[in-house]
Amino acid sequence: MSGAGNAGEEQEQEQEQERHRKEEEKHWKDVARTFLWYREFVVDDLKQRQQHLNHLSDRHASLLPSSTFEKIEAVAHAALGNQDMLTDLVMHYSQEYGVPMPEKRVGDPISPERQHRNEAVLHSLYREWTLEAKEERDATFAPLLAALQRHLPVSSPELAYRQRVLVPGCGAGRLPAEVAVLGYAAEGNEFSAYMLMASNFILNGVDKPNVYTFYPFLERVSNVVGANDPLQGLSLPDSVAVEMMKNSPYYHLYVNGDQDSDEDPGDADAMSVAGEGEAQEQEEDGEKFELCCVCRDPKSTAKRWKNMPMRPPLGMSSGDFVAIYGEKELSNPAGSYDCVMTCFFIDTAPNVIEYIETIFYALRPGGVWINLGPLLYHWSKDQDYNGDERYNKSIELSYEEVRHVVKKVGFVFLEEDRVKCTYTRHRRSIMHTEFNALFFVAKKPSDQGKKSNKSNKSNKDMKDNDK
Ligand SMILES: C[S@@+](CC[C@H](N)C(=O)[O-])C[C@H]1O[C@@H](n2cnc3c(N)ncnc32)[C@H](O)[C@@H]1O
């Protein structure tokens, strides 16, 4: 090929990269703008409800308690609380990334359908970071953490933050934070920009407990017992991530443990240090504690920590699990993790076999996969008719079939059980869904190196993940 041909190709590639970068930037901005639209969508919805009430006959209206009419105003007011919190979340993102605070009305219109994304974030923050949902966490996160300690105990201080635990699909980040508190080097992974912004905010941006009062079920209109139940304000967060870490018996080992190393644990791709006071105090002491470094490019982190004796307690990667951790991603060598912990995750795959292979690939020989969750396949039906190609690829395997694949890929089951649990359950609601969730621990045999079929999944753009 001629020099001119090469130059042309390079230019095309650069243009393609630039186009991609702009698209990603726009996606993150639109996600931030969606958070800023939250209250306006609530108010629009309330206007409709008010109209329905206005259309009631005088006789029917007179039969209702006055609270029915007052509730509309109260919901609009409570939505301010949620909006304040979501606005802080966006402000934190904008400060951390050094991007200007987006203007909600500048750019393409944000469709009201996106409100379900805001609601999903509010529900995840409820599940993971409120006292009211502790019971739910005790039923789901606790068995996973107990299994981790059973199979890979941090049996001596020398092991602290050396065993790597990957938590894909980690939502608002509580589970990897709990893993880190137990002395493991935890790495969350998420592909939703909504969840990534939320976890970054709660892990790095909130330095006091109970600073927000929010209303995660404000928009519930069905299966409500008391008229004011959706107006129940909850405190957020029940725990501050950096305090959780500081109270960990392993914390001092991390803070002091890096002193022998030549490498500086902090660098430009670290996203933040939780709590300003905390950061200052640590810098004065000549120590640096990154609670959660979110990196857009996990390659740099992989390289950065490769020869380090101790790893950061908590990191986060953004992007599709298979694309980042599968065989295709060469910078992420096989066998990098001691444990992969999946919670309500495996059914998010259009093809669960890809997830199983990726988990196998990511684990070191002798490493364990700990799973808890249902098989409520996310891509089985295109309810929004948004035409995402993943709906056309969805395979929905029974547990028997999943088990078969898990063994065929090379895993050996160590534990199997069923666990009764819920997902974002509102305790006051008339309707509850209880899962008799699958729980298992499966091991990649110690004598087994790399054994998995090549993954064909390409690196998906962030914008595709939030469909
Ligand atoms: C049902 S939620 C569970 C969240 C959390 N593990 C919990 O138990 O509360 C599934 C999460 O996985 C994320 N997710 C789905 N597919 C993913 C993928 N391919 N890669 C990374 N994250 C993914 C979603 O954005 C969502 O936050």
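**Entry 1: ligand shell**

I looked up which residues surround the ligand and found 19 of them, the closest being Arg127, Gly169, Glu190, Asp320 and Cys343; a residue is taken as near if one of its heavy atoms lies within 4 Å of the molecule. I note that this is a predicted model, in which local features need pLDDT of at least 70 and side-chain atom pairs count only at pLDDT 80 or more, while totals for chains, interfaces and linings use all residues. Residues are numbered from 1 along each chain as its sequence is written, and side-chain values use heavy atoms, with hydrogens and water left out.

By class, I read the shell around the ligand as nine nonpolar, six polar and four charged residues, where Ala, Val, Leu, Ile, Met, Phe, Trp, Tyr, Cys and Pro count as nonpolar, Asp, Glu, Lys and Arg as charged, and the others, Gly among them, as polar.

A polar backbone atom of Gly169 is 2.8 Å from a nitrogen atom of the ligand, and a backbone N or O atom of Cys343 lies 2.9 Å from a ligand nitrogen. From Thr348 a polar side-chain atom takes part, at 3.4 Å from a nitrogen atom of the ligand. Taken alone the ligand exposes 600 Å², of which the protein buries 90%, with areas from the Shrake-Rupley method and a 1.4 Å probe. I also recorded that the elements giving two or more residues to the shell around the ligand are α5 (115-129) and β2 (185-190), helices (H or I, at least four residues) and strands (E, at least two) being DSSP runs numbered from the N terminus.

**Entry 2: salt bridges**

I counted a salt bridge where a side-chain nitrogen of Lys or Arg is within 4 Å of a carboxyl oxygen of Asp or Glu, and by this rule the count comes to 25. The side chains of Arg127 and Glu136 meet in one of them at 2.7 Å, N to O, and both residues are buried (under 20% relative accessible area, with exposed over 50% and partly exposed in between; 1.4 Å probe, protein chains only).

Asp45 and Arg49 also form a salt bridge, at 3.1 Å from N to O; both lie in helix α2 (residues 38-54), four residues apart, about one turn of the helix. Asp45 counts as partly exposed because its relative accessibility is 30%, and Arg49 counts as partly exposed at 31%.

How values were computed:
Polar contact = N/O pair within 3.5 Å; in protein donor to acceptor, adjacent residues only side chain to side chain.
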